[in-house]
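Please read the numbered points with the sequence and the model at hand.

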Amino acid sequence: MRTLRRLRERGILGINRRNLDFTLRWNERRLYPLVDDKLQTKRLLDAAGIPAPKLLAVVREHFEVRELPARLEALGSFVLKPSRGAMGNGIVVVVARDGEWLLRPGGRRMRMPDLQYHAASIISGLFALSGHADAAMLEERLVVHPDLAEVVSDGVPDLRVIVYRGVPVMAMTRLPTRRSGGRANLHQGAIGAGIDLAGGRTTRAVQGTEPLRRHPDHGRPLLGRRIPGWDRALEIAVRATDRTGLGYVGADVVVDAERGPLVLELNARPGLAIQVANGAGLRPRLRAVDDAWRPGLGVADRVARGREIARAASLRLAS
Amino acid sequence: MTRAVLLVGGLLVLAGTSLFLWKATVLDLPVIPSRVEGLWRVELEILARGGGRRGSVRAALPSTGPGQVIFDETSAAERLVFAIRSEDDQRTGVWRGRFTGAHRIVHSFRVELSELEVPIPDEPMEPPESVRKAFSRASAELPAGAPDVRAILEPLGLPRPSDAAGRLRMLFGFVADEIATAETGSEDALLTLGAREGRPEGKVRLLVTLLRAAGVPARPAVGLRLPAEGSPERVVWAEAWIAGSWVPAFPVEGVLGRRPEDVLLLRSGSLGLVEATGVEAVTSRHLALRELLRPEELGAMMVPSQPVLASLSLYRLPVGTQAALRGLLLLPLGVLVTAIFRNLVGLRTFGTFMPVLIAFALRYTSLATGLLMVAGVIALGIGGRLALERLRLLLVPRLAILLCVVVLVVTGLALTGRTLEGRAFFGGVLLPMVILTMLIERFSVTLAEEGVRSALVQAGSSVVVAVAVYPLFRSSFAEHLMFGFPELVVAIMGVLVWIGGYTGYRLADVWRFRSLARTAELEP
């Protein structure tokens, strides 16, 4: 009972309220394909000139799978992923080649026929949200910005920003670990590190619900790290969600060493673990957005408003 | 929760419960079933097809007698005249008329069964002339004079003729122990004797023939075994006249001097249940439903003092429809439990209603069998994935292969299941099959999409919810409550509206965010 009261006092958002008051209310069902289908998202981002990983090829039909080796010939590294995948499932990253072997992160490797089978599985809809036929996307492999890359031992860390009615309200970075198998998935053991929206630094880190100060794989400190390109990351996250028409979105951003922040994908049902990573509830911030909302504000104004709200919320928490 | 949700939910709950309370208090309808034993509703359905000629259909009807009370009998038939003929305590329903096209005849009654003990009198008594004449002679069906029959009687060393009880015991022992029961055997007395095995009818005819040959008046009898769940089974036995009483003898079951409490006598003297003349084809079947209420309570449920309700009573529907509705009306309770587990507790289950469907499938088997089946499916899902992964098959054919394996396993069980819980298992195998197929699909897809751990967690939660729902689906109280008071479905809808508008924490949220409730945790 006391736990319940505490959670309520701290404004922790539960699943039921997220569904009823936010996703159901602000995200129109018909707009979901825009974010569930990464090809549509990509088209949307390209049209708006928002930076995103380059799309190298799309494989839609089974006969195209046979041509895959020829199409990949010129590429040393790439990422193969399902267009409608969920939670990072079905993604294969190839970092280099060694004869007939395709080398994957973490010292794993596979042959071309394995990759073709994987592409066929993607097309059959094995990894799709609904199990319907899907398309396999080939994307450029990003080189993670060294500031972030040094925190992880393996895999691609990303940034997750919750954008509510065009205002960023909370953010974290997801750091893969050996336990998560190189995936930036908190359920599978990746670290979630809360980011102070105003300052762009990590403030708190958790694995599961356990708070951490150092990375469990190599012991490097996790807190107080500056996120490279933070201002730009917030700006493109907000611009990307503006294009979708959705009101409650989780934007996933990767910071590339050369190109800076890129929007990887958007999520219409963002998870709630971000609250644990930040040690703060979403509700006060969402309420503040509702109270201060005015139509016609530009992206910069809204980002500034989001930072103010986050700062006020953390000050209130500290007092 | 918004005010609209609160209000709509409240109205529905109020409407449902107030109608329920009115029926329970003002009309005084029974809310708690009184746990009656041995009360059934039985329905005989006959389908006859004729080519325009006059004809008749005759069916054996049970009478009130020792061990059984028949009441509340109704009969319905299109374009036919119905009459009941009674001779020597045996009632026969006769439907006459011109048979053109298909005719459906339904005769239903309620019966209260109790075990019938007939002690075998040991003092000798000469049977009266009428009994001897009717039940001692040989016939084509009961060839008591045949040489084979005489030949088998002599080496048995029967007691002296005045010891009818002793002769009965000896002949009963011979047929029960020396003659095997086989579904592939014969129904004829002499063929059964020659092969030393026969169908139940063959064994009963043989016993009656031997008794008659040994000078003990005897007759065959036929009736129904009424199960707690499922359709009734035809059962045959012999009756021997010993010193004034008809002693039942069940050579297949090995029961002598007693009629089990679940056996209803339909006819004695012959094994025929339905006969017809002047029609082209006739089929018949018996349906039975276990009653949960005492006869007077049933009366109140069927004809409440309120005329509108009386015309709406589900208790007046045909037996088959009632049986289906009794299952159907339990579903809202099941989905309510599922909604509680998913939205208030926060368990992740397969699909939305998979747990309800699993529980519904379990209803047709025992809990242990059902859970074993679910575990088997999960093992098959994982095993099949491991085995088929090397072959690199596409999703749909791979699932289809798993389904073929399930079919083979069920077929294999059918071979071994004859000795196990065979009947219970195959009584309702179709529905569980469909549900298991869906389970396989959900499980395999989750396995591929989210990994073994997540698939097992979801399978586990689905089973937990199914096991929570299962007792409701098996409870005769819940069944009576929902069937007798279907307005409760409206109340359940109201509660579902409330749950649907509940924005508070789930139990799983509290667990996930428990660290955020501790003050010290938040210090950086």
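**Notes on the predicted model**

1. D158(A) is a buried residue, with a relative accessible area of 6%. The model discussed here is a predicted one. In chain A, D158(A) belongs to strand β8, which covers residues 158-164. Leaving out residues up to four places away in sequence, D158(A) touches M172(A), T173(A), R174(A), A184(A), D252(A), V253(A) and V254(A).

2. The confidence of the prediction deserves attention before the details are read. For the complex, the predictor gives an ipTM of 0.79 and a pTM of 0.72. Chain B has a mean pLDDT of 84, and 93% of its residues reach 70 or more. Among the elements of chain B, the highest mean pLDDT, 95, is that of helix α17 (residues 488-500) of chain B, while the lowest, 46, is that of helix α14 (residues 422-427) of chain B. Over residues 418-427 of chain B the pLDDT is below 50, and this stretch has 11 contacts in the model beyond near neighbours in sequence. Where pLDDT is low, the predicted coordinates should not be read in detail.

3. Chain B contains 18 helices and 15 strands. Taken along the principal axes, the C-alpha atoms of chain B fill a box of roughly 105 × 65 × 50 Å. Of the 524 residues in chain B, 48% are buried. When contacts in chain B between residues at least 6 apart in sequence are considered, 73% of them join residues at least 24 apart.

4. The size of an interface is often given as the accessible area lost when the parts come together. Between chain B and chain A, the buried area is about 3200 Å², and carbon and sulfur atoms give 56% of this area. Seven residue pairs are in polar contact between chain B and chain A, counting pairs with both residues at pLDDT 80 or more.

5. Salt bridges form a separate topic. Side chains of opposite charge can pair when their charged atoms come close.

6. One salt bridge in chain A joins the side chains of R17(A) and D21(A), at 3.0 Å from N to O. The two residues are separated by about one helical turn, because R17(A) and D21(A) are four residues apart in helix α2 (residues 15-26) of chain A. R17(A) counts as buried at 18% relative accessibility, and D21(A) counts as partly exposed at 27%.

7. In chain B, R234(B) forms a salt bridge with E201(B), and the closest N and O atoms are 3.2 Å apart. R234(B) lies in strand β9 (residues 233-242) of chain B and E201(B) in helix α6 (residues 200-213) of chain B, so this pair ties together parts that are 33 residues apart in sequence. R234(B) is partly exposed, with a relative accessible area of 39%, whereas E201(B) is buried at 9% relative accessibility.

8. Strand β9 of chain B also holds E239(B). The side chains of E239(B) and R219(B) meet in a salt bridge at 2.7 Å, N to O. Since R219(B) lies in strand β8 (residues 218-225) of chain B, the pair ties together parts that are 20 residues apart in sequence. E239(B) counts as buried at 6% relative accessibility, and R219(B) is buried with a relative accessible area of 15%. In chain A, salt bridges that share partners join D158(A), R160(A), R174(A) and D252(A) into one network.

9. Where in chain B does R326(B) lie? R326(B) is found in helix α9 (residues 319-328) of chain B, and R326(B) is buried, with a relative accessible area of 3%. Apart from neighbours within four places in sequence, R326(B) is in contact with L289(B), E291(B), L292(B), Y315(B), E479(B) and F483(B). R326(B) and F473(B) are 147 residues apart in sequence, and their C-alpha atoms are 9.7 Å apart in space.

Methods: Residues are numbered from 1 along each chain as its sequence is written. Chains are lettered from A and ligands numbered from 1 in the order in which they are written. Side-chain values use heavy atoms; hydrogens and water are left out. Buried area is the accessible area (1.4 Å probe) that two parts lose on being put together, summed over both. A polar contact is a pair of N or O atoms within 3.5 Å; within protein, one must be able to donate a hydrogen and the other to accept it, and residues adjacent in sequence count only if both atoms are side-chain atoms. pLDDT is the predictor's confidence in each residue, from 0 to 100. Contact means heavy atoms within 4.5 Å. Buried means under 20% relative accessible area, exposed over 50%, partly exposed in between (1.4 Å probe, protein chains only). A salt bridge is a side-chain nitrogen of Lys or Arg within 4 Å of a carboxyl oxygen of Asp or Glu.
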